Amino acid sequence: MSSEYADYASSRTLLTRVASRQMWIATAHRHYRNANGLLEKLPSGISGVDAAAYLKRQLETLEAEAYRQAQSYPSHWWIFYLRQLSPTVFDCASRNYGRNRGYTERVSALSQKSDDRLPVTPAFGDSQMARSLRLAVTCIRVEEIVLALRCVNAGATLLPDSDNVFRLEMSERLRAALERYEDQLRLNDLKLGAARLGGVYLKRFEPNRDDWSRALVSLFMPELPITPDSLKEHPADELVPFVLNLIYINESLSDIPWEGVQSEAVHGLRLLCSLLRVAWIDLGVEAKVWRVLHEGGLTMHSSSILESYLARVCQEANEWGGSIFPSSITPITVEGALDFLTRLELGRTDRYWGPAIRAGKDFFCIDLTSVTLRIEALIAYVTAGGGSISGYRGKHWEERVQGAIDDTPWRPTGGARGLISKKLKAHGKVFTDVDAVGSRSDQLLIVSCKSWQLGTSLDMGEFAACRNKSKDVVKASLKLQEDLRMLRAHGADNGFDVASFAGMSGVLCITTPFLLTEEDELTIQRDAPDVSIMTLPELKSKLLGEELEMPDLQKWQEYARASYAIKDKRQQRQGRI
């Protein structure tokens, strides 16, 4: 495959996404107005239980409308259309991009429409683009209501609004907490790879081969995919590293103690990982597959080979999977693979993103982005289930946090490094087990690592789930504050020279951010003044002395255009576009 053809296809992808963005700008207000027209008018301000009940009723209304709209096209057509849209449609510069896109794709997978009387290949003209934009806006409005529900449960008030039916009113303290929460959530998406596309086979190929002139797709990149060249030439780009954080399946799975994990979860992981392996093998030998992958993170195949394709996946799952997972698992069949890989449930993906495979009469899609997300969701699900596997998850998170600290000027040495994983005692009893440590000059940083999960109930802003998790954060913060006090008082008893450090502080490093109530924010500020609560991206930025910044959409677009040497419209008309 020539580099010239890759540039042409990249330009065409850009043109399609730009066209959808232009239509979105022209029609978004109308679609929002139509969605708001379905909501109950709010006669006066409400808060607490009343506000939550009101928002839940609006959710039911708009979710039903989104489901109705999804019946316009078959599921496997929808994913093709939605991946053609510009990421700006889903507000990719905002903090809620992953949810906006993920929920839209999940709803599209609920379509019951058959493709019996439809053309073999889905066209993507103005009509299809308009319906795709309408569905996206409806689903985004749903997610805005979910966010409002989360804020109401944290202490915000709902007030009537002539344009948007309701608006949120909150204290400056809660507003600041919300902004920080959303920033961390978005940066977790970008830098920790919440939706990354990759494969264990990537390292097998040389970057300069013609095969790699094709682009890799990342749904978190505005407008354009990333080329292998851009990955190679711009390794320090803040938006690129998470794409390089690919799934080394053998390494990441073989160390996990699978004994005792429920069989369905292990069964699902075997299938998803094997599907990803087979898909990436095909990318190495079938150059044509790159075209569709480049345009949306999908590979498409004729339905006539679905059974034989799944047979390959099953063979991989039973042979390779048998060497990774417990050998006692029942062999996987084609029927079982088809049933599991087309499901919507399991883990956080109950609400976000679609199935691994979407099948129709003429063709089926393998959604490599969804496969990757579901692998990560299942690993998170099973490693939060208690027992030895839960301990593995916690230890893995501690090692990841310490590794990040070691990449900064705060890498501990000497006695400070000796604190890592050390059980500290006072009067003969253990008062804490240090998870991670940082030190610089005469400053000591003690880090408590919490590998908590963001489940569907928290995603939906449910009152009990949000309040309980907020209390968990408070409890952990107060415990860390007490640990700092005990370390100052009893450090010498544990062979640690406390006097060599003029300052000592703590960080509660959590896997995913949580929105705290105003009351709990105040409690932490008052009773745990030496403790900060951060996700890993924020912690690393702080230790590097950098500002925690959201990506600049315009700057990235300019970089992407330069990477592809995009032609102007006159040149395109003279060429093959």
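Glycine 438 touches Ile405, Trp410, Pro412, Gln443, Leu444 and Leu445, when residues up to four places away in sequence are not counted; contact here means heavy atoms within 4.5 Å. The model is predicted, so local features need pLDDT of at least 70 and side-chain atom pairs count only at pLDDT 80 or more, while totals for chains, interfaces and linings use all residues. Residues are numbered from 1 along each chain as its sequence is written, and side-chain values use heavy atoms, with hydrogens and water left out.

Glycine 438 lies in strand β9, residues 436-440. Helices (H or I, at least four residues) and strands (E, at least two) are DSSP runs, numbered from the N terminus. At 0% relative accessibility, glycine 438 counts as buried, where buried means under 20% relative accessible area, exposed over 50%, and partly exposed in between (1.4 Å probe, protein chains only).

The loop that joins β9 to β10 (443-450) holds serine 441. Serine 441 is exposed, with a relative accessible area of 71%, and its phi is positive, near 60°, in a residue other than glycine. Most residues other than glycine have a negative phi. Histidine 427 likewise is not a glycine and has a positive phi, of about 55°. Histidine 427 belongs to the loop between β7 (423-426) and β8 (429-433), and at 75% relative accessibility it counts as exposed.

Histidine 427 is also one of the contacts of histidine 490, together with Lys425 and Ala426, once neighbours within four places in sequence are left aside. Histidine 490 is placed in helix α18 and, at 12% relative accessibility, counts as buried.

Two packed helices are described by the angle between their axes and the distance between the axes. The axes are lines fitted to C-alpha atoms, for helices over the stretch in contact, and the angles run from 0 to 180 degrees between N-to-C directions. Helix α18 (residues 463-490) packs with helix α19 (residues 518-527) at an angle of about 0°, their axes being 10 Å apart. This makes α18 roughly parallel to α19; angles under 35 degrees count as roughly parallel, over 145 as roughly antiparallel, 65 to 115 as roughly perpendicular and the rest as oblique. On the α18 side the contact is made by Ser470, Lys471, Val473, Val474, Ser477, Leu478 and Gln481, and on the α19 side by Glu519, Asp520, Thr523, Ile524 and Asp527. By class, the contact of α18 with α19 has four nonpolar, four polar and four charged residues. Ala, Val, Leu, Ile, Met, Phe, Trp, Tyr, Cys and Pro count as nonpolar, Asp, Glu, Lys and Arg as charged, and the others, Gly among them, as polar.

The axes of helix α3 (residues 75-84) and helix α4 (residues 97-108) come within 9 Å and cross at roughly 155°, which makes α3 roughly antiparallel to α4. In this pair, Ser75, Trp78, Ile79, Leu82 and Arg83 of α3 meet Arg101, Thr104, Glu105 and Ser108 of α4. The residues of this contact divide into three nonpolar, three polar and three charged.

Helix α2 (residues 48-70) packs with α4 at an angle of about 60°, with the axes 9 Å apart. The two helices, α2 and α4, are therefore oblique to each other. Glu63, Ala66, Tyr67 and Ala70 of α2 and Tyr103, Val107 and Ser108 of α4 make the contact, with five nonpolar, one polar and one charged residues by class.

Helix α20 (residues 536-543) is mostly covered, with six of its eight residues buried. These are Leu536, Pro537, Glu538, Leu539, Ser541 and Leu543. After α20 comes glycine 545, whose phi is positive, near 75°.

For the protein chain as a whole, there are 22 helices and 12 strands. Of its 577 residues, 56% count as buried. Among contacts with a separation of 6 or more, 79% are accounted for by residues 24 or more positions apart. The chain exposes about 24700 Å², of which carbon and sulfur atoms supply 50%; accessible areas come from the Shrake-Rupley method with a 1.4 Å probe, and for residues only the protein chains shown count as cover.
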